[in-house]
Structure formats: C-alpha cells, structure tokens
Amino acid sequence: MMKFNTLVYHFRQSLNGFKRSGIMAMATISTVAASLMILGAFLLFHGNLNLLLQNLQGQLKVNFYLKDGASEREISEFIQGLKQEPVVRDFEIISKADALDLLRKDLGEDSVLLDNLSRNPLPNTITVTLHPTEEIRAFREKYAANPMIESSSSGKDWVEQILNLIHLAKVSGTFIVVFLGLASLFIISNTIRLTVFARRHEIEIMRLVGATNWFIRSPFLMEGVLQGIAGALIATLFLAFGYGLLQDRLLMFFPELKLLSSQADLIQLYLKLFFLGIALGLLGSLLSLRKFLV
Amino acid sequence: MIQMFQVSKVYSNQNKALDQINLHIDKGEFVFLVGPSGAGKTTLMRLIFRDEVPSSGSILIDGRNIERLSAGAIPYLRRSIGVVFQDFKLLQDKSAWENVAFALRVVEAPPHEIEIRTNQALDMMGLGHKKHHLPSELSGGEQQRVCIARALVNDPAILLTDEPTGNLDPELGYEIMKVLLDINSRGTTVLVATHDASLVNRLQRRVLHLRNGKIVKDSLRGTYHHDEI
Ligand SMILES: Nc1ncnc2c1ncn2[C@@H]1O[C@H](COP(=O)(O)OP(=O)(O)OP(=O)(O)O)[C@@H](O)[C@H]1O
Ligand SMILES: [Mg+2]
C-alpha cells in the first residue's frame, strides 16, 4: 500500500503535469466535458421518456378478439401463454354478454338500438395490459397469429411512436456515447503521453534509483483521473444549469408535463457521469502508459 | 558480491559488447574498470544493475541470480546498487537537495528520514552549504558529488561509477576519487570505469582491463597505460 506522503507527493507531481501540459490539458478536459455532457443529456432525455412511459401505463393495452368457435381448451392455453410473458402486467377476459352490457351502458338512451339484435354480434375479448416496452407490436403480432383470434387492436398510435422514439434514442445514444468515449480516451492518453515525454529524464532517474513501476505510473494515472474529474464537474455544472433552464421553459408552455426532477434521480445521474469521468481518465492514462512504461 | 560466469552481451545490431566474461568481485573491494572506448565497460555495469540482460551466461549479485529476477523485483535490486554516470543525470529544475532526496522519495522513506539522510549524504560530499543550488549553479565536480550523494543516500552495497572524473580537471578528479575511496572504506563495494590512467596509477587498486569485450588483464595492485597490451 502506498504511503500517504507518497500520495501527496504524486498529487503535487500530477498537478505540475497539469500546469505543464497547459493547453493540451484544457483541450482534454473540454473533450471529456463535452462527451460527458452529451451522454448526460441523453440520459436525461431517456429518463424523461421513461417517465412519460410510466404515465402511459394505462394506455399500454392490447385487445384480442376471439372467434366465436374458440374452445375452452384453446382459450386456457392462450392464457397460460400470457402468464409466461414477462411484459404482461395484467389481463382481463370480457365475455360476449359482458361486452354487450358495457356497450349498452355506454350508449345510454340509444341502447334501444341494440334491442332488435337477433344475436350478440360482439366477440369474446381478452384485454392485456403490458409493462412499458418497445415490443407492443411484436407482442400483439405474436398472439394475434393464434388461429382462434379473429382480430386484435392496441392503444393509441402515438404510444407506439413514443416507444419507437425511446428505442431510437437508445440505439443512437449508445453509438454516440461510445464514439465520444473513445475520443475522450484517445485525447487523454495523448495528453498523458506528452507529460510522460516531458518527464522522461525524471522517469529514467526513477528507474535508476529503484522506483517500482507503480510508483512511476502513479502521478500520470492521477493526472488522467484529475482530467476526468475536471471534465465531469464541468459537464455536471453545465447540465444541471441547462436542464434547470429547459425545465422552466417547458413547464411554462406545458404546465402538465411531468419531467424528471427528483433530486435523488438527478444526483444519481450526475454521480454516474462523475465515475465515468474517473474511469475515462484512468483508462486513458493506462493506455498511454502501457506504451511507455512496461 | 558480484559474480559473472561466461557472460556475453550481443546488442541487437550484432555488436558483441562483452565476450565470455568470468568475474568475481568480493564484498568491500575497490575495482577499476579500464580499457579503450568501446571495450564494454559501460555495458558491464549496465548488466550489473540489470539495465540490460546478458545474451548468455549468468550474473550473481550477493548470491542471487539476477537474470531470473521478475519485473517486480528489479527495483529492489537497484535499491542495493548506487549508480553514477558521466553525464550526471540530475534533474535541472530541482535543487541539489531535492535531487538527492528524490532517491529516498522513490523508495517511500518517511519524511524525517529523508530530511536526515539527505543532509548527511550532502554533508559527506562537502556540499552542505550548497544544497539549495540548482545543478546549473554548481561546478562540474560539485554536480558529480551530488550524483554520488544520490547514489549513496540509500546506503547501497554496491556503487557503480561510470567515468566519474571524465569531464573534470585532474585535481577535481582526484578529489572525487578520494571520496569514492572513503565510501569504500566504509564497506561499500565500488566499481569505477575510467579512461584516466594517471588516477589509476596513483591509487594502486585492483584493475580490470577490458578490450573488445574480453578481460585481458586482472591485476591486484594494478597500473594502466594507454599503450599497454
Ligand atoms: N545500446 C546499444 N546498442 C547497440 N550497441 C551498443 C549499445 N551500447 C553499447 N553498444 C556497443 O557495445 C560496445 C561496448 O560499448 P560500451 O558502451 O560498453 O563501451 P565502453 O567501454 O563503455 O566505451 P567508452 O569508454 O567509450 O564509454 C561498443 O561497440 C558499442 O558500440
Ligand atoms: Mg562507457
């Protein structure tokens, strides 16, 4: 275990390295900050869409209309299948008669129109409520393929569109975040490489007098981590400020909008960015040290 | 203390720097390593502190075979060997004191010990009054003594000095030699690579002659003349 005094010494060295690499260090921190900011923005966007989804839960319904000839056995097999599905939150079976009663109630005075029917034209219906998922359509198609199902319907179209949007955000977000993460790694490792180069005489002497490899690496690792932390702090500041502003604006125009705003959620998100910054710094400097100090 | 068996060193460019060296240096000896430029003096020293590994043969330091040392163990070998180079290798932006203390920081000595031992080493080299000077504010001889102080501050069993008097005038060179003898008299094994025949002859110590990577003469109270052999 490294001694405290040594840590302090390394910390001073890495601060010096910071100063020495000047503009490069600034560029590095900016890149990290930009990457984390964009990542954070995505996380916020995603979090808000998910929140929206929570509020849409009631809308996530799929109705399956059964053919009249469906047997008890077919229906119970269908229900067994539903029970196995993790996305299914709840389901309800509405018989022809119940459906007619419901319709009668809905129609009120106009229900006299129904009195002339010779037979009940409404189908037996199974109504399934789903957990939030992007797979509504897939789910519906899978079960609608059952031969005893006459037809099916699901909630409003825009629910599905939001779900698609979430999916798109996830995919493109992952791409962009990975790309920016790599860019950050690259630039951090480059900056550290410059510092290593500037301190090559010192490193040579360290080896000469018996410094362990970890002792030699420590200040560079710390420098990388400091850059990561600085980037994360800047990103968090900007995000917190920007999101606060955006929230105010949006609520001004859409007062009923429910936005991600609980302190706990936001702090958790910023902590994620913070640790990601540390990880980027550590990994970036390790990358450059791998080349220089075997 | 230092033993070599059939040690050869061939550099990547096929330069054969050392050829079948057999060598035995006891604890507490003072040994000059002489020979023309390119004879392999520096290479021999670099093998001892494992800056290089031999192409064949084996080297024992204090009874331990050092080619089989793991990467993690190498720093600890180096802590028992002080090294002084002709080109000083001092950190230009640090004071004499910081340069010496550096060797102790690296081995994570406690601060009060760094304080005491650094001052002791500088005092011993007669530099107590110049400890806050930067290398650029010191003479060649003084810089060399800072290097020796740095090499000694960890109290190594072996001191390797490569041309310690190379760019000093003869009197200063002799002063440095006296310092090395003094260190040797306290029990440290000292190895000095040098071109300086007059110093070697004046001190009458063991002399190892190297030529083309081979030991051509090993004399106990030796002399050295550039034209000999
Ligand atoms: N890193 C290296 N790569 C390739 N060849 C080398 C290397 N170091 C030394 N040599 C070669 O090995 C031979 C011995 O070199 P070495 O430096 O040991 O000689 P030396 O006796 O110290 O010479 P000098 O008195 O000039 O310092 C020389 O021929 C030199 O060119
Ligand atoms: Mg040499």
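Before the first entry I need a convention: axes are lines fitted to C-alpha atoms, for helices over the stretch in contact, and angles run from 0 to 180 degrees between N-to-C directions. I also keep in mind that this is a predicted model.

**Entry 1: helices 6 and 7, chain A**

I started with helix 6 (residues 200-208) of chain A and helix 7 (residues 213-253) of chain A, whose axes come within 9 Å and cross at roughly 155°. Angles over 145 degrees count as roughly antiparallel. So helix 6 of chain A is roughly antiparallel to helix 7 of chain A. I noted the crossing of helix 6 of chain A and helix 7 of chain A as right-handed.

Next I listed who touches whom. From helix 6 of chain A I have Ile203(A), Met206(A) and Arg207(A), and they meet Asn213(A), Phe215(A), Ile216(A) and Phe220(A) in helix 7 of chain A. Sorted by class, the residues of this contact come out as five nonpolar, one polar and one charged.

**Entry 2: helix 3 of chain B and its partners**

On the helix 3 side of the contact I found Trp97(B), Val100(B), Ala101(B), Leu104(B) and Arg105(B), while the helix 4 side includes Ile114(B), Arg117(B), Ala121(B) and Leu122(B). My class tally for the contact of helix 3 of chain B with helix 4 of chain B reads seven nonpolar, two polar and four charged residues.

Then I checked helix 3 of chain B against helix 5 (residues 140-152) of chain B; their axes come within 7 Å and cross at roughly 25°. Helix 3 of chain B and helix 5 of chain B are therefore roughly parallel to each other, and the crossing of this pair is right-handed. Ala96(B), Asn99(B), Val100(B) and Ala103(B) of helix 3 touch Val146(B), Ala149(B) and Arg150(B) of helix 5. I sorted these into five nonpolar, one polar and one charged. Val100(B) turns up in the helix 4 contact and in the helix 5 contact.

**Entry 3: where A meets B**

How many residues of chain A are in contact with chain B? I got 18 residues of chain A against 20 residues of chain B. The two chains bury about 1,700 Å² between them, with 63% of it on carbon and sulfur atoms. In chain A, Ile205(A), Leu208(A) and Val209(A) lose the most area to chain B, together 35% of what that side buries.

Last, I looked for salt bridges across the interface of chain A and chain B, and the rule finds two. One that I wrote down pairs Lys94(B) with Glu202(A), the closest N and O atoms being 3.8 Å apart.

Key: Residues numbered from 1 in each chain as written. Chains lettered and ligands numbered in written order. Predicted model: local features only at pLDDT ≥ 70, side-chain atom pairs only at ≥ 80, totals over all residues. Heavy atoms only, no water. Contact = heavy atoms within 4.5 Å. Helix = DSSP H or I, 4+ residues; strand = E, 2+ residues; numbered from the N terminus. Nonpolar A, V, L, I, M, F, W, Y, C, P; charged D, E, K, R; others polar. Buried area = accessible area lost by both parts, 1.4 Å probe. Salt bridge = Lys/Arg side-chain N within 4 Å of Asp/Glu carboxyl O. Parallel < 35°, antiparallel > 145°, perpendicular 65-115°, else oblique. Left-handed = near helix turned anticlockwise from the far one by under 90°.
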